[in-house]
Amino acid sequence: RWQNGGFGIGSGTLTDTYLVTRILPHLAAPVPVESLVPFLRACEHSTFGFTGKPGTALFFLEYLHAGLALCQELASPPTFPAACLSALLRCQTDTGGFARTHLAIATMNDSYRAVHGLTLLQGMGLR
């Protein structure tokens, strides 16, 4: 459902908005790029790269991944690429995998999100 400039239940979230942009083309529906870029910008954070909702400062790896992936989908590079890179690297654990947040336990899903996020930054020429 369209909420506060993004997609989600109750209010738009960065993760739900990214997933909807991936689904819409399969339904032969247009992605509302012009409407989504302001939402994407409202989710940016100068320290963490991205947060899950506009006006919040909570950081988790899935928000950062969704933000970077949405940047690629909308052909709109992140405003704070250095913060994105730093936040991604802070999620790496001593075992080499990546966790949802600093000092958490690494998982395969989070490791995928982090490696994909690093790849997205590199593909945008920002790493």
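Modeller: Begin with Phe60, which is buried at a relative accessible area of 17%. Buried means under 20% relative accessible area, exposed means over 50%, and partly exposed is in between, with a 1.4 Å probe and protein chains only. The model is predicted, so local features need pLDDT of at least 70 and side-chain atom pairs count only at pLDDT 80 or more, while totals for chains, interfaces and linings use all residues. Residues are numbered from 1 along each chain as its sequence is written, and side-chain values use heavy atoms, with hydrogens and water left out.

Biologist: Which residue lies over the face of Phe60?

Modeller: First, the test. A charge sits over a ring if NZ of Lys or CZ of Arg is within 6 Å of the ring centre and within 35 degrees of the ring normal. Here Arg100 lies over the face of Phe60, at 3.7 Å from the ring centre.

Biologist: How many aromatic pairs are there?

Modeller: A pair of aromatic rings is described by the distance of the centres and the angle of the planes. Rings of Phe, Tyr and Trp (its six-membered ring) pair if their centres lie within 6.5 Å; planes under 30 degrees apart are stacked, over 60 edge-to-face, and the rest tilted. That rule gives 2 aromatic pairs. In one, Phe48 and Phe59 have ring centres 5.7 Å apart and planes at 25°, so this pair is stacked. The pair links distant parts of the chain, 11 residues apart: Phe48 is in the loop between β3 (44–45) and β4 (49–50), and Phe59 is in the loop between β4 and α3. Phe60 and Tyr63 also pair, edge-to-face, at 5.7 Å centre to centre with 75° between the planes.

Biologist: Are Phe48, Phe59 and Tyr63 buried or exposed?

Modeller: Phe48 is partly exposed, at 23% relative accessible area. Phe59 is buried at 10%. Tyr63 is buried at 17%.

Biologist: Now the core. Which residues touch the most other members?

Modeller: In soluble globular proteins, nonpolar side chains tend to be buried together. A nonpolar core is a set of buried Ala, Val, Leu, Ile, Met, Phe, Trp, Tyr and Cys residues joined through side-chain atoms within 4.5 Å. The largest one here has 28 residues, and Leu14, Leu40, Phe50, Leu64, Leu68 and Leu88 touch the most other members. Five helices, α1 (14–23), α2 (33–42), α3 (61–73), α4 (81–90) and α5 (108–123), each supply at least two residues of this core. The most come from α3, with 7 residues. Helices (H or I, at least four residues) and strands (E, at least two) are DSSP runs, numbered from the N terminus.

Biologist: What is Leu40 in contact with, leaving aside its neighbours within four places in sequence?

Modeller: Contact means heavy atoms within 4.5 Å. With those neighbours left aside, Leu40 is in contact with Leu14, Phe50, Gly67, Leu70, Cys71, Leu74 and Ser76.

Biologist: How should I check the span of α5?

Modeller: The expected span of a helix is 1.5 Å times one less than its number of residues. For the 16 residues of α5 that gives 22 Å, and the end C-alpha atoms are 22 Å apart, which agrees. The buried residues of α5 are Asp110, Ser111, Ala114, Gly117, Leu118, Leu120 and Leu121. Their cover includes α3, α4, β5 (98–99) and β6 (106–107). Just after α5, Gly125 takes a positive phi of about 70°.

Biologist: How many disulfides does a search of the whole structure find?

Modeller: A disulfide is a pair of cysteine sulfur atoms within 2.5 Å. The search of the whole structure finds 0 disulfides. Cys43 is in none; its nearest cysteine sulfur, that of Cys71, is 10 Å away. Cys43 is also buried, at 0% relative accessible area. The sulfur of Cys84 is 7.0 Å from the closest cysteine sulfur, in Cys71, which is too far for a bond. Cys84 is buried too, at 0%.

Biologist: Where is Cys91 found?

Modeller: Cys91 is in the loop between α4 and β5. Cys91 is buried, with a relative accessible area of 1%. From Leu61 it is 30 residues away in sequence and 7.4 Å in space, C-alpha to C-alpha. Beyond its neighbours within four places in sequence, the contacts of Cys91 include Phe59, Leu61, Phe98 and Arg100.

Biologist: What phi do Ala28 and Leu103 have?

Modeller: Ala28 is not a glycine, yet its phi is positive, about 55°. Ala28 is in the loop between α1 and α2 and is exposed at 74% relative accessibility. Leu103, not a glycine either, has a positive phi of about 70°. Leu103 is in the loop between β5 and β6 and is exposed at 76%.
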